[in-house]
Amino acid sequence: MTVASAALVLFLILDPLGNIPVFLSLLRPLPPARQRIVLARELLIALAVLMLFLWGGKYALEMMHLRQESVSIAGGIVLFLIGIRMIFPPPEGLMGEIPGGEPFIVPMAIPLVAGPSGMAAVILMGSNEPGRLDEWSYALLLAWAATAAILFSATVLYRFLGQRVLTAIERLMGMLLVAISVQMFLDGITAYLRGPA
């Protein structure tokens, strides 16, 4: 996997366009200046969490005696469920009921930006090819920067594209995530059937 393809996969998993309506509704009660501060804080927390999983995931797997195949299969299943919810969103929204007040860590940083599928994806990248951690970090930074740029211009994008276009884009991204999740699942099954290296 190249840095560009890793960045694209991570960008799809972070799902900034699908998160626009949720982020706007969460930030609406706050003054505009405070909205930008909260958004920046939540994005930085999400980046820190993903970097932690990228660099420390291999050791966490070893400590819990988990094989990479289990993470690949579990990540594929979680990603599949998120993709399905993006294509067929429930009435209460993608992430279910959201608590009131100023968002802090939940739900903006985790799980909207740094969700289970993103954590599983970076753990897999870091543990499959630990020699390329610098490249994976760069891919994660690229995906995160693109996500941050989109979310900071959420109001303009929402006004320009409208709810229908954003919904259509989110469904398309859901389809891509389902395809990626199936591949992750199949890779995990194949590696498991081959047995430990």
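**Group meeting: salt bridges, a nonpolar patch and a pocket**

Hi everyone, let's begin with a pair of side chains: Glu-42 and Arg-41 meet in a salt bridge at 2.9 Å, N to O. By salt bridge I mean a side-chain nitrogen of Lys or Arg within 4 Å of a carboxyl oxygen of Asp or Glu. Before going on, please keep in mind that this is a predicted model, where local features need pLDDT of at least 70, side-chain atom pairs count only at pLDDT 80 or more, and totals for chains, interfaces and linings use all residues. Residues are numbered from 1 along each chain as its sequence is written, and side-chain values use heavy atoms, with hydrogens and water left out.

Back to that pair. Is Glu-42 buried or exposed? Glu-42 counts as buried because its relative accessibility is 1%, while Arg-41, at 22%, counts as partly exposed. The cut-offs here are under 20% relative accessible area for buried, over 50% for exposed, and partly exposed in between, with a 1.4 Å probe and protein chains only.

How many salt bridges does the rule give? The count comes to five. Two of them involve Arg-132: one with Glu-129 at 3.3 Å, N to O, and one with Glu-135 at 2.8 Å, N to O. Through these shared partners, Glu-129, Arg-132 and Glu-135 are joined into one network. Glu-129 is partly exposed at 32% relative accessibility, and Glu-135 is partly exposed at 34%.

Next, helix H1. H1 covers residues 3-14, and its 12 residues reach 16 Å from the first C-alpha to the last, close to the 16 Å expected at 1.5 Å a residue. That expected span is 1.5 Å times one less than the number of residues. H1 is mostly covered, with nine of its 12 residues buried, including Val-3, Leu-10, Phe-11 and Leu-14. Just after H1, Asp-15 takes a positive phi of about 50°.

Now to the surface. A nonpolar patch there has about 1000 Å² of accessible area in total, and among its members are Ile-77, Phe-80, Phe-88, Phe-185 and Tyr-192. Patch residues have over 30% relative accessible area and no salt bridge, with nonpolar side chains (Val, Leu, Ile, Met, Phe, Trp, Tyr) joined within 5 Å and like charges within 9 Å. The areas come from the Shrake-Rupley method with a 1.4 Å probe, and for residues only the protein chains shown count as cover. Which element gives the most to the patch? That is H8, with six residues.

Of the 17 lining residues, Met-1, Leu-124, Asn-128, Met-184 and Asp-187 are the closest to its centre. H4, helix H6 (116-128) and H8 each supply at least two lining residues, and H8 has the largest share, six.

How values were computed
Helix = DSSP H or I, 4+ residues; strand = E, 2+ residues; numbered from the N terminus. 1 Å grid on protein atoms, 1.4 Å probe; cavity = no way out; pocket = protein on both sides within 12 Å on 5 of 7 lines; lining within 4 Å.
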